[in-house]
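Subject: Structure for your review

Dear colleague,

Please find below the structure that I am handing over to you. My notes on it follow directly after.

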Amino acid sequence: MRKTIPIVVAALAAGFVLAALILRQQLGGWLDLVLNWAIIIASAALLVAVAALILTHLRHIIRGQRGFIYSIILISAFLVSFVGALVLGLDNTAYLRWVAAIQLPLETSLLGLAALVMTGAALQIFRSRGWSLLTISFGISALVFLVISLGLLQALNIPLLTTIIAYLQRLPLIGARGLLIGIGIGALMTGLRVMLGLEKGWGE
Amino acid sequence: MILCPHCGKENLPVATRCVHCGEDLEDLFRIEGTDPDAGLPEEQDISVSDLLQAFRQEDDSQAEKPRPVISIGKTPEPAASEETQSVTPEGEDEQTPEWLARIRKRALQEEDAAGELSRKINAMEASRAEEHQGRVDEEFANWIARIRENARRENLLAAKPAEPSPESEEGVPEWLRKVRELQPQDAEQDQPSEETIAGFSIEASAQEAEQGDEPALEQSEPAEALAANPQEESEPGAVPELESESAELVLHPDEEASPDARADEEPSEGPKTPELEPVLEELGLTAEVGALDLEEKPSSSEELSADLLLLRKQKENAQMLMTLIGEEGKGLPPAKTAREASKGWYRFILGAFLLLVLAAVIVFVPEARPIKFENPTPAVALKDALNALESGDTVLVVQEYQAATSAEMEQMSAPVLRALEERGVKLQFLTTHPNGLWLSANLMDAADIPAREISYLAGGRLGVLAAALQLDESSAAVPGALENLENYTLILLLEDSQADIQNWIEQAGPWLKAGKLGILASSQNAALLLPYYDAGQLAGYAAGTMEGRVLADALDAPTAGAPSRAYQAGLLVMIAVLLLGMIIKAEADSNARHQKEPEA
């Protein structure tokens with residue numbers, strides 16, 4: 001029973017949405033209602049996730065676990081943002097700029113660190129994996145597309161070179177199409193598995 | 001006169017050594033007029049004591065049964081000894097050689113014939129013993145040493161199988177000789193024990209023989225072990241020698257029990273039994289030999305292990321020494337210290353060069369601004385869609401990028417928004433990310449357009465689907481300011497995430513007319529957008545700062561270049577690091593090859 005109900009609910013919801021998309025005139029109103037329920041449930045789930053996160057870090061602080069200082073910082077930032085939004089409102093320009101002043105450096109630094117890590121990985125890949133078809137092709141392709149991304153070659157305005165660059169820039173489309181096809185087939189199969197009750201990703 | 005077997009010259013019959021060449025004369029007891037080999041089996045070795053024993057036998061002695069023969073290291077053999085033949089009474093007269101009969105006859109006529117001969121023999125034996133004692137002692141010591149080494153090696157093999165080592169011609173293993181050479185002190189310490197063994201047993205066996213057969217057999221067991229162990233695994237050359245000498249250690253208890261016989265033996269060799277005389281004569285040993293240390297056992301496994309450990313260590317040292325000797329005279333390889341030093345300078349110069357190039361590019365090289373650069377087809381299509389907008393048209397700007405990519409996205413979208421604002425196009429902002437709420441103000445500032453409210457569409461993918469369907473105007477999930485998506489002339493997506501792009505294309509796209517969706521995306525999404533454009537699901541898109549700049553130029557809205565220069569600097573750093581990784585790897589391979597070449 002515990003496993004059967006979610007499967008039945010998921011299968012019915014998927015079947016109803018699929019039917020409503022096809023029979024839009026007849027089931028349009030019900031579809032809007034079901035979508036609202038789904039959005040509310042997703043928002044509630046987000047709140048539950050936030051609550052679980054706060055409780056976890058509170059436990060870290062109470063138990064004095066290693067790194068509880070970061071838990072204090074996280075909870076403090078959350079409380080300030082939450083209380084500020086409640087008091088000032090989401091439309092307050094000062095509040096939005098204050099949050100952006102924190103968020104921008106953090107995320108930019110994170111992306112910069114990711115770039116450094118990737119650069120270090122590129123530096124180590126030849127030492128760790130040696131000379132192989134994979135590493136050589138990786139190195140050549142990375143160098144080619146980095147140089148192309150600089151835009152210096154395009155600035156030379158040489159027709160032949162421009163044609164070659166345009167040709168090279170279309171090479172990744174092959175991989176992109178493969179990715180998209182894989183994503184589409186995967187989504188279709190996942191949907192079918194959910195409708196048929198074969199996908200049991202919840203509660204386990 | 002007798003002839004020297006070595007030089008062939010004549011010598012006196014009583015001479016014990018050739019006066020011409022000094023060779024020992026073997027035919028010392030040849031009697032003129034007799035054939036020394038007559039009546040004797042060729043295989044048997046008749047010694048002086050045998051002769052004396054034969055002389056003392058009475059002609060009319062009673063028949064005696066063959067005495068039991070006890071041999072050391074071998075089972076008793078009934079006819080293995082000469083004594084058994086000499087005391088055989090039945091038919092002896094017929095088998096007695098002629099020369100023996102003559103001697104016996106002469107002995108009957110002369111009172112002290114045998115005594116004179118015995119004295120001569122004793123004198124000769126003494127002279128020979130003095131000359132050959134040292135050499136025989138040495139040979140016997142070597143023989144015992146080989147036995148001991150064979151026993152030790154057997155224990156070694158039993159304790160721990162070792163690699164078969166080459167053996168010398170003397171039967172001594174190669175590794176053992178090395179150990180002896182490396183441990184001269186131990187060898188010196190072993191020497192007395194070897195001498196003790198050399199002095200074994202002949203006396204001890206004689207004493208035990210006096211006690212009877214069984215004690216003699218029991219005491220002779222260690223000797224058997226010494227003889228039997230090497231017989232199993234020792235060299236073929238050593239085993240027969242041991243067997244032959246062991247076989248000669250024959251004891252006759254009957255004779256030991258006979259007081260007459262003992263009395264006859266005492267004048268010549270003291271406590272020694274006459275059966276041992278041949279051995280003593282051959283070995284050159286006399287009464288001063290010591291007792292055998294029968295308790296001496298092969299070295300324990302621990303001692304052998306210690307020897308092995310030492311041997312391995314010494315082998316390593318020897319290998320190192322051989323390497324050094326092999327390299328002697330050769331030219332010194334390129335000094336590694338010099339190579340390392342040059343490598344450090346090489347890396348320093350390379351790094352400094354890359355940094356200088358990077359700094360020069362950033363500071364001195366003018367910004368790459370293609371004069372006649374043409375955007376790819378999707379960007380041109382987007383430009384056409386934007387140029388088609390007229391005053392009064394409404395454009396929904398969906399802001400869905402993260403703060404980390406805000407610089408790139410603002411650089412691309414700000415000129416477009418400014419151009420649309422100047423053209424009188426109504427802009428309405430929407431976001432599905434909380435980030436969009438506080439990033440919109442920066443975007444509006446960068447675009448230099450009046451600040452306006454941004455709507456938040458909750459629910460992500462479901463919210464996009466609900467906004468696209470929008471069957472009910474009072475839907476709680478869709479913001480009130482958001483109209484039906486069909487009412488917007490263009491929906492311009494500012495995206496840095498492929499997932500968000502797919503949400504709009506796949507959830508809202510099917511419910512919208514063709515050409516409603518235009519995208520300004522970060523450069524990494526360019527490849528994934530082209531299939532959607534080729535499928536007709538997009539009005540157009542521009543990805544990356546380069547295409548955004550060309551698009552802005554096409555819209556007569558030039559952009560600032562500072563972020564573009566930083567972007568180029570970052571790309572240059574990545575190129576430099578990638579090249580450095582390749583160079584370091586190539587250098588490491590080169591060093592490895594240089595290190596292998598001298599070894600080869």
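I begin with a strand pairing: L396(B) has Q428(B), in strand 6 of chain B, as its bridge partner. Please bear in mind throughout that this is a predicted model.

The sheet in chain B

Together with helix 17 (residues 406–422) of chain B, strands 5 and 6 of that chain form a right-handed β-α-β unit. Strand 6 of chain B is also joined to strand 7 (residues 454–456) of chain B, again in parallel, by three bridges. Here L430(B) is placed opposite S455(B) of strand 7. With helix 18 of chain B, strands 6 and 7 of that chain make a right-handed β-α-β unit as well.

The loop between helix 18 and strand 7 of chain B contains D448(B). Although D448(B) is not a glycine, its phi is positive, at about 60°. Is this residue buried or partly exposed? D448(B) counts as partly exposed because 13 other C-beta atoms lie within 10 Å, whereas 20 or more would be needed for a buried residue.

The nonpolar cores

The largest nonpolar core comprises 75 residues, and the members with the most contacts inside it are A466(B), I491(B), L493(B), I519(B) and L529(B). For L493(B), once neighbours within four places in sequence are set aside, the contacts are V398(B), E400(B), I501(B), W504(B), L517(B) and I519(B). Another core, of eight residues, lies apart from the largest one; I125(A), M574(B), I575(B) and M582(B) are among its members.

The contact between the chains

Chain A contributes 51 residues to the contact and chain B contributes 49. On the side of chain B that touches chain A, the elements giving two or more residues are helix 18 (435–447), helix 19 (461–469), helix 21 (526–534) and helix 23 (562–599) of chain B. Helix 23 of chain B supplies the largest share of that side, namely 13 residues. By type, the residues on this side of chain B are 33 nonpolar, 11 polar and five charged.

Chain B as a whole

Chain B has 23 helices and 10 strands. Of its 600 residues, 32% are buried. Among contacts in chain B with a separation of 6 or more, 68% are between residues 24 or more positions apart.

Confidence

The two chains should be read with their scores in mind. Chain A has an average pLDDT of 84, with 98% of its residues scoring at least 70. Within chain A, the lowest confidence is in helix 6 (residues 152–155), with a mean of 77, and the highest is in helix 3 (residues 68–88), at 89. For chain B the average pLDDT is 68, and 54% of the residues score at least 70. Residues 62–90 of chain B have a pLDDT below 50, and in the model this stretch makes 62 contacts beyond near neighbours in sequence. The pLDDT is also below 50 over residues 286–303 of chain B, a stretch with 31 such contacts. For the model, the ipTM is 0.79 and the pTM is 0.52.

With kind regards

Technical notes. Residues are numbered from 1 along each chain as its sequence is written. Chains are lettered from A and ligands numbered from 1 in the order in which they are written. This is a predicted model: local features need pLDDT of at least 70, side-chain atom pairs count only at pLDDT 80 or more; totals for chains, interfaces and linings use all residues. pLDDT is the predictor's confidence in each residue, from 0 to 100. Helices (H or I, at least four residues) and strands (E, at least two) are DSSP runs, numbered from the N terminus. Two residues are in contact if their C-beta atoms, placed from the backbone, lie within 7 Å. Ala, Val, Leu, Ile, Met, Phe, Trp, Tyr, Cys and Pro count as nonpolar, Asp, Glu, Lys and Arg as charged, and the others, Gly among them, as polar. Two strands pair if DSSP finds at least two bridges between them. A crossover is right-handed if, with the strands pointing away from the viewer, the path from the first strand over the helix to the second runs clockwise. A nonpolar core is a set of buried Ala, Val, Leu, Ile, Met, Phe, Trp, Tyr and Cys residues joined through C-beta atoms within 7 Å. A residue is buried if 20 or more other C-beta atoms lie within 10 Å of its own, exposed if 12 or fewer, and partly exposed in between; C-beta atoms are placed from the backbone.
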